[in-house]
Amino acid sequence: MGIDISRLRRQFGSFIALDDISLRIGDGEFVAVLGPSGSGKTSLLRILAGLDQPDSGSVQRDGQDLLALDARRRGVGLVFQHYALFPHLTVAQNVAFGLRVRPWRLRPKAAVIKARVDELLRRVELDQLAARYPAQLSGGQRQRVALARALAIEPRLLLLDEPFGALDAQVRVNLRRWLREFHRSLGITSLFVTHDQDEALEMADRVIVMNRGCIEQVGTPEQVYHRPATPFVSKFIARGQAVPGEVTASSLRVLGASWRLEGFADETWHAVEVHVRPEHIVSSPRPGEGLPARLLGVRHVAGTTLASLQVDGMHEPLEAAWNGHDGGRHASGERVTVQFQALTVFGLDREGRVC
Ligand code: ATP
């Protein structure tokens, strides 16, 4: 059961938007497709929806070839960031639309359509606004109408492409929680495209991290955050920052300090890439013990101090995140001593790939 995507490829001229990606999505799973702009997220969704065809590869749903089916026969509900509602139809008429335009043999009776629309509007908490027109709704309400409209056809697969992208921050946060709960009660297999890390980590059962048409990692939010498989995932999800490091025997040297490596250095490694996260760069409790650095700038954001610092001997500045108490004591230009509390180490082969 579920969806099996195998070696899916989509090329536009010489540009590879999807590079032979393979993936399994379980029945009822809520999966976030996370990646920077241009990484291929929408290309994947469009193929699943039947709006585009791949150059090669297959998609099976419960053993059936999904790509062979016409878009309207796939049982797919779509919600896009700018999937505009019909402005001349009321909320209820918008939700009913997908059922009303069905060929007459497949079209439910008017009373059945009305009952389903009423039920959906109750579930998306818009039953009081059924007679309004889209222009009379807030952005968050409109997206809930779009969701109800997508659900009206009782889809087997729900595809959401940045559904909250155009909304302001507070509405987004509220709708995230709401959609997560709503999905639990529906249990429809859902793919949710976003480039927002917090959104993906907060909402999804599993996260697919995409980069340049490839899947870098598939895992639970906990796995991709705490155990990134590649330097890209570390940077993108947890703001990992590269620090110079080299492996000798079973220890790692980073900026003059020795770190014990768990297990032994793997002889297939050609080099290592070492990352430190902002929250793991701490101000040293004993001045003079640790790495000397200069504070380039200090910003206070919601109780956290973000410090940009230049560690002596490094080219690139690092960003540290300190809690208000720790960070409040420091000012730009000051010299400080910092320590790394934890590092993430990737063993790389000769081509720079993780091994
Ligand atoms: P965003 O977050 O910006 O929406 P995305 O990860 O969804 O990005 P896609 O829309 O899948 O990315 O696009 C992947 C790449 O494929 C982009 O570089 C895009 O320019 C290219 N691309 C997509 N559709 C076409 C097309 N019809 N013709 C040519 N190039 C395309």
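What follows is a short exchange about a predicted model and the reasons behind the words used for it.

Reader: What makes up the protein chain in terms of helices and strands?
Author: The chain comes to nine helices and 21 strands. Its C-alpha atoms fill a box of roughly 80 × 45 × 35 Å along the principal axes. Of its 355 residues, 32% count as buried.

Reader: Which domains does the assignment give?
Author: Domain 1 covers 3-228, and domain 2 covers 239-348. The C-alpha centres of the two domains lie 39 Å apart.

Reader: What share of the contacts join residues at least 24 apart?
Author: The share is 63%, counted among contacts between residues at least 6 apart in sequence.

Reader: Why is Glu162 called partly exposed?
Author: Glu162 has 19 other C-beta atoms within 10 Å, so it is partly exposed. Glu162 lies in the loop between β7 and α5 (169-186). Glu162 is not a glycine, yet its phi is positive, about 45°.

Reader: Why do the buried residues of α3 line one face?
Author: Val117, Leu120 and Leu121 are the buried residues in question. Seen down the axis of α3, its buried residues fall within an arc of 100°, so they line one face of the helix. On the other side of α3, Ala111, Val112 and Ala115 are exposed.

Reader: What covers the buried residues of α3?
Author: The cover includes α2 (91-100) and α4 (139-152). Just after α3 comes Glu125, with a positive phi of about 60°.

Reader: How do you know that the span of α5 is close to the expected one?
Author: The rule is again 1.5 Å times one less than the residue count. For the 18 residues of α5, 26 Å is expected. The helix reaches 25 Å from its first C-alpha to its last, which is close.

Reader: What makes the buried residues of α5 a face?
Author: Leu175, Arg176, Leu179 and His183 are buried in α5. Seen down the axis of α5, its buried residues fall within an arc of 115°, so they line one face. The face turned away from the buried side carries the exposed residues Gln170, Arg177, Glu181, Arg184 and Ser185.

Reader: What do the buried residues of α5 pack against?
Author: They pack against β3 (30-34), α4, β8 (189-194) and α6. After α5 comes Gly187, whose phi is positive, near 70°.

Reader: Why is α8 called mostly covered?
Author: Buried means 20 or more other C-beta atoms within 10 Å. In α8 (residues 231-238), six of eight residues are buried, and the helix is mostly covered. The buried ones are Phe232, Val233, Ser234, Phe236, Ile237 and Ala238.

Reader: What do the buried residues of α8 pack against?
Author: Their partners are α6 (197-203), β9 (206-211), β10 (214-219), α7 (221-226), β15 (271-276) and β21 (344-348). Arg239 follows α8, and its phi is positive, near 50°.

Reader: Which residues are around the ligand?
Author: They are Phe12, Phe15, Ala17, Gly35, Ser37, Gly38, Ser39, Gly40, Lys41, Thr42, Ser43 and His195. The elements giving two or more residues to this shell are β2 (15-25) and α1 (41-49). The largest share, three residues, comes from α1.

Reader: How do the residues of that shell divide into nonpolar, polar and charged?
Author: Three are nonpolar, eight are polar and one is charged. Gly counts as polar in this scheme, while Phe and Ala count as nonpolar and Lys as charged.

Terms used: Residues are numbered from 1 along each chain as its sequence is written. This is a predicted model: local features need pLDDT of at least 70, side-chain atom pairs count only at pLDDT 80 or more; totals for chains, interfaces and linings use all residues. Domain bounds come from an automatic or database domain assignment. A residue is buried if 20 or more other C-beta atoms lie within 10 Å of its own, exposed if 12 or fewer, and partly exposed in between; C-beta atoms are placed from the backbone. Helices (H or I, at least four residues) and strands (E, at least two) are DSSP runs, numbered from the N terminus. The arc is that of the directions from the helix axis to the C-beta atoms. Two residues are in contact if their C-beta atoms, placed from the backbone, lie within 7 Å. A residue is near a molecule or strand if its C-beta atom, placed from the backbone, lies within 6 Å of it.
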